[in-house]
Amino acid sequence: MNTTQTHRRLFRCLALDGLILLAASLYAWLAMRGVALPCLFRKFTGFLCPGCGNTRAAISLLKLDFSSAFSYNPLFLLEFGYIVWIYCAASRSYLKGGRFAYQPPWPVADILVLVAVLAWGVARNLC
């Protein structure tokens, strides 16, 4: 692969990173002003999904209020970290081969995260 293609792919990844950061910042700004998307899972089923409280947790973390962030959703850091992990792995795949795809380096970790999120989704509705 030549350097021009590498630079183009890097530029596209950085542009996508910028768009994601801009969208997340806009959503956080709107959420801090009381305008946020409702949880459709909760709206239709009446149960809390494993991600309920993530927006409030993220805003609390932006304010450096870690205890509130943990109280909104204790699994927030795991869920957020996992999403970042997948995005970084997919970006790396794109930079190397031109294909934006996630190839799990440790499938066991993926299964453990899935089990933890599903268990949390069940447990938070039982209490």
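These are my notes from looking through a predicted model of one chain.

**Overall fold.** I started with the secondary structure and got six helices and zero strands. Read from the N terminus, the order is α-α-α-α-α-α.

**Dimensions.** I checked the radius of gyration next: the chain comes out at 17 Å, while a compact globule of 127 residues would sit near 14 Å. The C-alpha trace spans about 55 × 35 × 30 Å along its principal axes.

**Burial and surface.** I looked up how much of the chain is buried and got 21% of the 127 residues.

**Contacts.** I took the contacts between residues at least 6 apart in sequence; 52% of them join residues at least 24 apart.

**Helix H5.** I then went to residues 76–97, the 22 residues of H5. From first C-alpha to last, H5 reaches 31 Å, close to the 32 Å expected at 1.5 Å a residue. Which residues of H5 are buried? I found Phe-76, Glu-79, Ala-89, Ala-90, Ser-91 and Tyr-94. The buried residues of H5 pack against helix H1 (3–32), helix H3 (54–62) and helix H6 (107–126). After H5 comes Gly-98, and its phi is positive, near 80°.

**Nonpolar patch.** I also looked for nonpolar surface and noted a patch of about 480 Å², made by Leu-16, Leu-19, Ile-20, Leu-22 and Phe-100. Leu-16 lies in helix H1.

Terms used. Residues are numbered from 1 along each chain as its sequence is written. This is a predicted model: local features need pLDDT of at least 70, side-chain atom pairs count only at pLDDT 80 or more; totals for chains, interfaces and linings use all residues. Side-chain values use heavy atoms; hydrogens and water are left out. Helices (H or I, at least four residues) and strands (E, at least two) are DSSP runs, numbered from the N terminus. The expected span of a helix is 1.5 Å times one less than its number of residues. Buried means under 20% relative accessible area, exposed over 50%, partly exposed in between (1.4 Å probe, protein chains only). Contact means heavy atoms within 4.5 Å. Patches are made of residues with over 30% relative accessible area and no salt bridge: like charges are joined within 9 Å, nonpolar side chains (Val, Leu, Ile, Met, Phe, Trp, Tyr) within 5 Å. Accessible areas come from the Shrake-Rupley method with a 1.4 Å probe; for residues, only the protein chains shown count as cover. A salt bridge is a side-chain nitrogen of Lys or Arg within 4 Å of a carboxyl oxygen of Asp or Glu. The radius of gyration is taken over C-alpha atoms; the globule rule is 2.2 Å times the number of residues to the power 0.38.
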